[in-house]
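Subject: Structure handover

Hello,

Here is the structure for your files. My notes on what turned up follow directly below it.

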Number of protein chains: 2
Amino acid sequence: MCNCVSRLSTHRAVGAGKREDQTQTDTQQKEPELVAGPSQYGSLWPLPQKVHISDVSFKLSSSNFQITDAKESSAGPSCNLLQSAYRRYYEYVFVGPKNQKRGRDQPAGPSEVTELQVWITSPDSDCDSFPTESSDESYELSVDQPVAVLKAPKVWGALHGLETFSQLVYEDEFGAKTINSTVISDFPRFAHRGVLLDSSRHFIPVKVILANLETMAMNKFNIFHWHIVDDSSFPYLSQTFPQLSEKVRNRDGYRIRYFLRYRPNSIVPTEHRFTSFETVPRFGIHVTFPPPPPNRKSNPDIQKFMEQQGFGQDFTKLESFYIQRLLDIVTTTQKGYMIWQEVFDNGVKLKPDTLIHVWKGNQQSYQREMANITSAGYRTLLSSPWYLNRIAYGQDWQAIYKADPQDFKGTDDQKKLVIGGEACLWGEFVDATNLTPRLWPRACAVAERLWSAKEVTDTNDAFNRLAVHRCRLVERGIPAQPLYTSYCPREYKGI
Amino acid sequence: MCNCVSRLSTHRAVGAGKREDQTQTDTQQKEPELVAGPSQYGSLWPLPQKVHISDVSFKLSSSNFQITDAKESSAGPSCNLLQSAYRRYYEYVFVGPKNQKRGRDQPAGPSEVTELQVWITSPDSDCDSFPTESSDESYELSVDQPVAVLKAPKVWGALHGLETFSQLVYEDEFGAKTINSTVISDFPRFAHRGVLLDSSRHFIPVKVILANLETMAMNKFNIFHWHIVDDSSFPYLSQTFPQLSEKVRNRDGYRIRYFLRYRPNSIVPTEHRFTSFETVPRFGIHVTFPPPPPNRKSNPDIQKFMEQQGFGQDFTKLESFYIQRLLDIVTTTQKGYMIWQEVFDNGVKLKPDTLIHVWKGNQQSYQREMANITSAGYRTLLSSPWYLNRIAYGQDWQAIYKADPQDFKGTDDQKKLVIGGEACLWGEFVDATNLTPRLWPRACAVAERLWSAKEVTDTNDAFNRLAVHRCRLVERGIPAQPLYTSYCPREYKGI
């Protein structure tokens, strides 16, 4: 099909021999050799559920192409969410040198795609809603000439389909934008596909968060888990409890929330010790196991309280007491809640619809934990293998890619309780200087695992698609780091 | 002394507990707890050999401060190298918000530094030379009011002293630029203090190389070891052997060399298989152990040649043959040479003044190698612990900082044969998207080890100085990544 060659050398450069002979990390040693070359799926990422790409190709011209609402669509010109997405994806499709070889002088031939019609099929497009866990994100895309059609029940699927359409466009040997005749039917494997960023350990400028939200959308993530505050700082302004935020300076939270409505993302903020609800359109709060106070063993008030409660010196009991109280309060608000796994481990009483976030341990222990949680009937999501703050030398995206949230011993009913996962980038060693290249393309590996079919596990094919996908992110201005020795048609221009 | 608080929390955020409970790397576990606070040496990095900072402080005003040639100086207005450095360091000193609290209306008080006089004391300032291995890089700096004096035998020391002066300036609680009465006498512990960058595995834009050369100068590095070409690509244009470079597209080599003369850096390009000399003002070529051809075991020409030479199947002999021939050729050019350690290990015949670059193995084995090399009478430099492409989670700068090139069993005469070391950032996983934050501030740890006295080993004091030094790099536009949870007065503004 298309000639989107990944252009990567996978010869393991012994080169000067200067790197490979040094003691290797385990990760590095276990990596199989990858064979670089074009994938039959071009640069699609994450891979759609059903794809058929034919050999027939069409051209696209920036002067003769538009993205429009289909006549039958339930979303029209008043749906700003879609209209701004049309503008954005037009720009993405025609990114790169403006002077395409196929210029204005050349008339549109019979083999040209001149229009992408977007057709929202459900009577309620969801254009004015926030997405929820049960939002329909599916879409169908048919690329033919002169008109390509993108059908989706709701705007959420249409946003995903626009990204997919943009990924089908490549440059032929003369630099002309080209797309093959294609039929795609697509929907996510998991409903909860998240990225956690941590603005408590380091300041993250709004523009960096926004750029990463854009990149999340390019990878079909739908949840932004914002670890706003922690012991280190409290950069959050609560309208309900303004006294919580006396030290708050960063008032950009709302701007970011506003932005989110224009992407298929939800937001799950996390706070410690304090709770608030007003920024949470979807899940209610994500209760985090609170840290033991640093001086808890010497603090006389805490000692006295523990004595009164009959906890002895068992601080686990103290922590469970705190969480239990917090969850009781949350329950009265009619909001759902997410918790980190220790709350479950410590036997705190939970509502049946509690969502439990697994983050601890190696493969064996997180798989056991997922089995235990689902066996007890709770819903769960996985992060243990996706702590992207944990960096290692080499192609660590492969281990990230291979982890699967449903790989544990359990019944089909248990597997259905797994709603997805989150890539977590904790902030101890991360700020605006290194956040974006550290997150991408490593988080892309999580994105495909959570979106694509369970059977999509060919790391070789993934490498070839991801290498080109990462160059696409770079072209769109995102400093996504390289997978391995390679070059992009248009390299990153920043420093 | 100054109130350059590092403003770092070193409380090991168990926070959500979400990171620290996961299996730690060895590196991370061995790190001692650091106590954050101001260093008595402010933010000086690398620490000068002799420093006395008094409690008496002076102000500096952007409208009433200049850097000038001392009347007695052997370098005058025609020395562009210094004049451009004066402009650069004036900017660095007054980086940040322009509206200082101490404004123009306020007359210069008695406690104000209004001038830094730069006095080159040797009759030949070296202004029009390239630096060499034996260049004098020493300087003496005396900060008093109203005039501070920087004395250096050569321009190289003056460039270092300007950087040191800029590091002494801090902001008082009102944001006014302040400097304490200070006496510094400084010189490098090692003559060869290098950074290796690799433009063969990924394209590195010229502006990224230039920004990193600037950053090298801010850390008193003096050697840029440019690994220009390798198996992966040959982005180098040889004037002597233009046919070498048929595929060359990057012609920016000369621009970069030109730049180098304006910093106290030398350049050591590395090439594989091919040699050229014209870009090497100082050391001649840095011969790298050539990679065995990938198909060497099946290549009939190579098999035939090995048979003719009586090598059997011993490819080490083939490689040594190649290197021996190469070194024989180089010897006729009256240039010195640097080699990677295998050439020595494989018993190739070497000239007595050969410089041997140690890069292999763990601490035990590289220390043994240094002992063997110096015992054989050769000069050597170290890179094994400074392969900065090898990333690990946590504060890995500490291990980088602790390594010392003279820590091996040997006589004083042997130790004198150690001329320094190089931080190496090989390019398999590095391009413009992530090069700079991956290199800085980790390479700073190497810089201090190679410049400062052997006894400067207090990681706690180093942490406090380096945290502020890192914020200074950020203020100067360099995306140096954070050491740990922290904030800078002026955070990085890019994405």
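Which side chain does a polar contact of 2.5 Å join to that of Tyr139(A)? The partner is Thr164(A). A polar contact here is a pair of N or O atoms within 3.5 Å; within protein, one must be able to donate a hydrogen and the other to accept it, and residues adjacent in sequence count only if both atoms are side-chain atoms.

Ground rules before the rest. This is a predicted model, where local features need pLDDT of at least 70 and side-chain atom pairs count only at pLDDT 80 or more, while totals for chains, interfaces and linings use all residues. Residues are numbered from 1 along each chain as its sequence is written, chains are lettered from A and ligands numbered from 1 in the order written, and side-chain values use heavy atoms, with hydrogens and water left out.

Back to Tyr139(A). Its side chain also makes a polar contact with that of Asp186(A), at 2.6 Å. Tyr139(A) sits in strand S4 (residues 139-143) of chain A; helices (H or I, at least four residues) and strands (E, at least two) are DSSP runs, numbered from the N terminus. Tyr139(A) has a relative accessible area of 1%, so the residue is buried. The cut-offs: buried is under 20% relative accessible area, exposed over 50%, partly exposed in between (1.4 Å probe, protein chains only).

His160(A) belongs to helix H3 (residues 155-168) of chain A. His160(A) counts as buried because its relative accessibility is 1%. Its side chain contacts the side chain of Glu137(A), a polar contact of 2.8 Å.

Now the salt bridges (a side-chain nitrogen of Lys or Arg within 4 Å of a carboxyl oxygen of Asp or Glu). The count over all chains is 37.

Arg470(B) pairs with Asp431(A), closest N and O atoms 2.6 Å apart. That pair runs from helix H14 (residues 459-475) of chain B to the loop between strand S15 (418-425) and helix H12 (435-439) of chain A. Arg470(B) is buried at 2%, and Asp431(A) is buried at 1%. Arg470(A) pairs with Asp431(B) at 3.0 Å. Arg470(A) lies in helix H14 of chain A and Asp431(B) in a loop of chain B, so this pair joins two chains. Both residues are buried.

Within chain A, Glu171(A) bridges to Lys177(A) at 3.0 Å. Glu171(A) is partly exposed at 25%, whereas Lys177(A) is buried at 4%. Glu171(A) and Lys177(A) also belong to a salt-bridge network with Glu475(A) and Arg490(A).

Best wishes
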